[in-house]
Each structure stands twice: as structure tokens, then as C-alpha cells.
Amino acid sequence: MINWAEEADRLSAAVADDAAWYRTIAHELVQPADRLAVDIGCGGAGMAVALGAELPPAAFVVGVDADGTVLDTARRRIVESGFDDGHLRLLRADLDTDLALLPEVVRGADIIWASSSIHHLADQQAAIDALAALLAPGGRLALAEGGLPPRHLPWDVGVGVPGLEARLLAAEDRWFARMRECLPGSVAMPYGWPTALRRTGLIDVTTRTFTFERPTPLGRGDLRSVIDGLAHRVHRAEADGELDADDVRAWSLLLDPDDDAWLGDRDDVYSLSARSVHLGYRAD
């Protein structure tokens with residue numbers, strides 16, 4: 001299971017990387033008459049801030065998360081962004097148990113955004129049903145889920161057996177499956193996110209996928225971000241016992257700044273991924 005308090009700093013750092021994407025999505029989601037937006041699993045408040053900047057001054061944004069440390073990080077981001085006047089509010093709630101019981105402040109929402117949060121809940125369809133029920137007529141529910149996992153390395157990096165990154169992705173798939181199985185009361189959802197939105201009664205369901213690519217050779221900051229991200233993923237896969245000893249050894253060399261194989265000395269590291277946003281409307 002994920003300790004979200006330990007993830008707070010990483011979530012905060014990701015906000016800066018995703019800021020332009022958040023602004024793009026917020027601009028497309030917001031309509032002139034909107035008065036309430038809700039960010040479910042708000043993390044570092046990147047989307048909450050983007051929605052707040054796009055909405056009119058009389059509107060409100062409510063960020064919802066289950067972890068107090070994460071919310072502290074979100075609160076700092078909100079203040080740093082200049083939204084310390086009640087325009088953006090934060091609410092602590094357990095997303096697995098409280099979605100159907102959220103207070104009146106989030107009911108009648110014009111926009112509900114949930115990014116990479118629903119897949120952590122035991123009953124994903126029930127959660128989506130509960131969120132859809134919070135929408136005002138004409139309101140929009142947007143789920144940022146799925147896409148394509150990040151890729152960074154050539155197939156053969158000269159260390160270990162070729163296909164090292166592909167095996168890391170496979171290890172993460174196994175971790176995800178086990179995470180879902182271990183959730184108390186886990187319910188399978190053997191269909192895609194657009195189908196889940198339609199099953200709630202939402203209409204005009206669409207999916208848009210955004211590609212993220214950094215120009216190569218990567219600049220120092222982008223390269224550092226890639227290496228840090230890989231180190232985090234490898235550490236989690238290793239701790240879960242999902243990597244064999246040869247792959248662990250190869251990654252240890254690639255991630256060691258003092259080793260000749262260090263990824264930071266390469267000019268062929270790249271950054272390519274994609275994220276999908278699934279959008280549905282509540283009928284007027």
C-alpha cells in the first residue's frame with residue numbers, strides 16, 4: 001500500500017512539471033457560468049490552482065484528499081499561488097468511504113476532476129457513481145486515468161539484459177494488480193473508464209489523450225527529473241520483490257552518479273508518455 005504522507009513532497013514537485021497541462025485542461029473544462037469546481041484526490045493542488053485561476057472571482061474550488069500531510073502541501077501551494085482568500089478550500093475525506101457523504105459544499109458542482117485517484121479505491125464504479133451524483137445539471141466529471149506509461153531508455157542500455165525498462169513496466173503492472181487485490185472490499189471493473197462514466201448515466205462521454213515529450217538531448221533539469229522518477233519506481237519495485245537480482249544490480253549502476261554507467265552521463269535518455277482524460281456530462 002502507498003503511504004501518501006511519504007509521497008507528499010513528490011506530489012508537490014510533480015505540480016510544477018504538470019502546470020501547463022493543468023492550465024490547458026482547466027481552460028477547456030471551465031464554462032462562463034461555472035461557480036463550483038471540485039478536485040478529488042487533489043495532491044499538491046496543481047489542478048485546484050489552475051481551476052481557481054480560470055474560474056470567475058465569485059466561484060469556489062474545493063480540493064479533497066484523505067491525507068493531512070498531503071493537504072498541508074496543497075495548502076502551501078495555494079497560498080504561494082495567491083489564493084489565500086477562501087477562493088480555494090481544502091477538505092479532508094476518505095475517498096473510499098466518504099464520497100457519498102461529502103458535505104453540501106461540494107454538491108451541485110459544475111466540474112469534478114479526479115486524476116489518478118479513482119484507481120486506488122476499492123469500488124471504482126461506486127466512486128464514479130457517487131461523484132456523478134454530486135454534479136449540477138450540465139456539470140462535467142473528468143477522470144484523468146490511463147494513457148501510456150513513461151518511457152525513457154533505449155532497449156539495450158549496455159548494462160544487464162536488454163529490455164530492462166520493459167521489465168520495470170511489467171513489474172509495475174504486477175504491483176498494481178496486487179494493490180487492487182489487497183484493497184479491502186475490492187471490486188473488479190472489467191471495462192474501461194468511458195464505459196464507467198456511461199454507466200452512471202452521464203452523456204456525451206469522450207476521451208482525449210495528451211502526449212508528453214521533452215526534446216532530446218534532455219536538459220539538466222529534465223534529465224534529473226527522469227532519473228529521480230526512475231529511482232523512485234525502481235525502489236518501489238525492488239521493495240515489493242518484483243525485480244530479479246540481475247535487474248536490481250543493473251539499475252543500481254545506472255542510478256549511481258559515481259558509476260561509469262550513470263544515466264546522467266548519457267545523451268540518449270528521453271521522456272515520452274501519454275495521459276488520457278475521460279469526460280462525461282450530467283444531462284440538464
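Arginine 151 and glutamate 165 form a salt bridge, with their closest N and O atoms 3.6 Å apart. The pair joins distant parts of the chain, arginine 151 lying in strand S5 and glutamate 165 in helix H5 (residues 164–182), 14 residues apart. The model is predicted. Across the whole structure, a search finds 14 salt bridges.

**Exposure of the Arg151–Glu165 pair**
- Arginine 151 has 32% relative accessibility and so counts as partly exposed.
- Glutamate 165 is buried, because its relative accessible area of 3% falls under 20%.

**Other salt bridges**
- Glutamate 172 and arginine 233 meet through their side chains at 2.7 Å, N to O.
- This pair also links distant parts of the chain: glutamate 172 belongs to helix H5 and arginine 233 to helix H7 (residues 220–239), 61 residues apart.
- Glutamate 172 and arginine 233 are both buried.
- A salt bridge of 2.8 Å, N to O, connects the side chains of arginine 266 and aspartate 268.
- Arginine 266 is partly exposed at a relative accessible area of 23%, and aspartate 268 is partly exposed at 29%.
- A network of salt bridges links Arg174, Arg178, Asp240 and Glu242.

**Strand S5 and its neighbours**
- Strand S5 (residues 135–151) pairs with strand S4 (residues 109–115) in the parallel sense, over six bridges.
- Leucine 141 in S5 is the bridge partner of isoleucine 112.
- Helix H4 (residues 124–133) makes a right-handed β-α-β unit with S4 and S5.
- S5 and strand S7 (residues 271–281) run antiparallel and are joined by eight bridges.
- Histidine 278 in S7 stands opposite leucine 143.

Methods
Residues numbered from 1 in each chain as written. Predicted model: local features only at pLDDT ≥ 70, side-chain atom pairs only at ≥ 80, totals over all residues. Heavy atoms only, no water. Pairing = 2+ DSSP bridges. Helix = DSSP H or I, 4+ residues; strand = E, 2+ residues; numbered from the N terminus. Right-handed = clockwise from strand over helix to strand, strands pointing away. Salt bridge = Lys/Arg side-chain N within 4 Å of Asp/Glu carboxyl O. Buried < 20%, exposed > 50% of the residue type's maximum accessible area, 1.4 Å probe, protein only.
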